Amino acid sequence: MSETNATVPTQEDLDTLSRQLGRPVRDVVEIGARCVCGNPLVATTSPRLSNGIPFPTTFYLTHPVITAAVSRLEAAGVMTTMSERLQTDTELADRYRAAHENYLQSRNAVGQRTGVGAVPEIDGVSAGGMPSRVKCLHVLVGHALAAGPGVNPLGDEALEGISEWWDGEQCWCAGAWDTEASVPSRDLSRHTRTQGLTPDELEQKRAERRAAVEDNK
Ligand SMILES: [Zn+2]
């Protein structure tokens with residue numbers, strides 16, 4: 001039990017994230033939120049990627065059931081309404097600005113905890129349109145799940161809005177992603193195994209080898 005609640009991702013967590021997203025995950029340093037069953041809901045990405053690039057979006061929603069449900073809200077125009085309310089509802093605007101500040105503090109804390117340190121290039125830059133607009137509801141929901149209720153008012157609202165498709169009280173994982181397929185790994189140059197690769201992937205791998213041989217001539 002303690003293991004599935006830990007924030008430090010296990011290899012199994014990373015594999016699950018890659019399967020949820022259908023692509024290999026990179027620079028995930030913590031699991032921001034988990035399903036009641038233990039599966040990841042939110043990937044916490046390092047504020048500085050391993051290639052040195054600053055990365056402002058710390059909390060990334062990965063669970064396919066939640067991302068699809070949030071996409072439905074976006075398609076229904078919820079972001080426009082929220083952005084308009086931020087212009088007129090000063091109490092909401094204040095709480096949303098506080099969520100922005102919380103996001104920055106949380107990201108700094110992740111940087112400290114994981115040894116990445118400060119990332120001055122993205123000081124004051126959060127994500128999702130914060131602090132004054134709503135540009136990506138997935139970002140707000142990812143933050144709300146990682147921070148818990150009462151921190152991001154519009155993220156909390158979006159979670160309420162998807163409650164007929166997902167809620168935190170029960171596990172919605174069954175059938176949500178392919179748990180049997182090989183773990184996606186597009187970055188083939190870093191892998192030596194060929195098992196489980198599609199013909200296209202094998203051909204790409206061969207082409208990369210030929211290119212490497214050419215480079216060394
Ligand atoms: Zn679950």
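Below are my entries, one topic at a time.

**Ground rules.** I am looking at a predicted model, where local features need pLDDT of at least 70, side-chain atom pairs count only at pLDDT 80 or more, and totals for chains, interfaces and linings use all residues. I number residues from 1 along each chain as its sequence is written.

**Overview.** I began with the secondary structure, which comes to eight helices and three strands. Helices (H or I, at least four residues) and strands (E, at least two) are DSSP runs, numbered from the N terminus. Along the sequence I read the pattern α-α-β-β-β-α-α-α-α-α-α. Next I looked up burial: a residue is buried if 20 or more other C-beta atoms lie within 10 Å of its own, exposed if 12 or fewer, and partly exposed in between, with C-beta atoms placed from the backbone. Buried residues make up 33% of the 217 residues. For contacts, I count two residues whose C-beta atoms, placed from the backbone, lie within 7 Å. Among contacts between residues at least 6 apart in sequence, 56% join residues at least 24 apart.

**The sheet.** I found an open sheet of three strands in the order S1-S2-S3, with antiparallel pairing. Two strands pair if DSSP finds at least two bridges between them. S1 and S3 (59-61) are the edge strands, each pairing on one side only. Neighbouring strands are turned by 35 degrees against each other on average, direction ignored. Axes here are lines fitted to C-alpha atoms, for helices over the stretch in contact, and angles run from 0 to 180 degrees between N-to-C directions.

I then zoomed in on S1 (residues 28-34), where six of the seven residues are buried. S1 pairs with S2 (residues 40-45) in the antiparallel sense over five bridges. I noted two facing pairs: Ile31 stands opposite Ala43, and Ala33 stands opposite Val42. The hairpin has five residues between S1 and S2, and Gly38 takes a positive phi near 105 degrees there.

**H2 and what follows.** In H2 (residues 11-21), I listed Asp13, Thr16, Leu17, Ser18, Arg19 and Gln20 as buried. The buried residues of H2 pack against S1, S2 and H3. Asp27 has a positive phi of about 60 degrees although it is not a glycine. I wrote a reminder beside that: most residues other than glycine have a negative phi. Asp27 counts as partly exposed, because it has 17 C-beta neighbours inside 10 Å.

Which residues of H4 are buried? In H4 (residues 78-88) they are Met79, Met82 and Leu86. Seen down the axis, these buried residues fall within an arc of 60 degrees, so they line one face of the helix. The arc is that of the directions from the helix axis to the C-beta atoms. I reminded myself that an α-helix has 3.6 residues a turn, so residues three or four places apart point the same way. On the other side of H4, Thr80, Thr81, Glu84, Gln87 and Thr88 are exposed. The buried residues pack against H3 (64-75), H5 (90-113), H6 (137-147) and H7 (153-161).

**H6 meets H7.** I looked up the angle next: H6 and H7 pack at about 95 degrees, with their axes 8 Å apart. That makes H6 roughly perpendicular to H7, a label for angles of 65 to 115 degrees. The residues of this contact divide into seven nonpolar, two polar and one charged. Ala, Val, Leu, Ile, Met, Phe, Trp, Tyr, Cys and Pro count as nonpolar, Asp, Glu, Lys and Arg as charged, and the others, Gly among them, as polar. Leu137, Leu140, Val141, His143 and Ala144 in H6 meet Leu154, Gly155, Asp156, Ala158 and Leu159 in H7.

**Two loop residues.** Pro131 is in the loop between H5 and H6. The peptide bond from Met130 to Pro131 is cis, with omega near 10 degrees.

Trp165 sits in the loop between H7 and H8 (199-215). Trp165 is partly exposed, with 14 other C-beta atoms within 10 Å. Not counting residues up to four places away in sequence, Trp165 touches Val65 and Ala69. From Trp165 to Ala68 I noted 97 residues in sequence and 9.1 Å in space, C-alpha to C-alpha.

Conventions
Angles under 35 degrees count as roughly parallel, over 145 as roughly antiparallel, 65 to 115 as roughly perpendicular and the rest as oblique.
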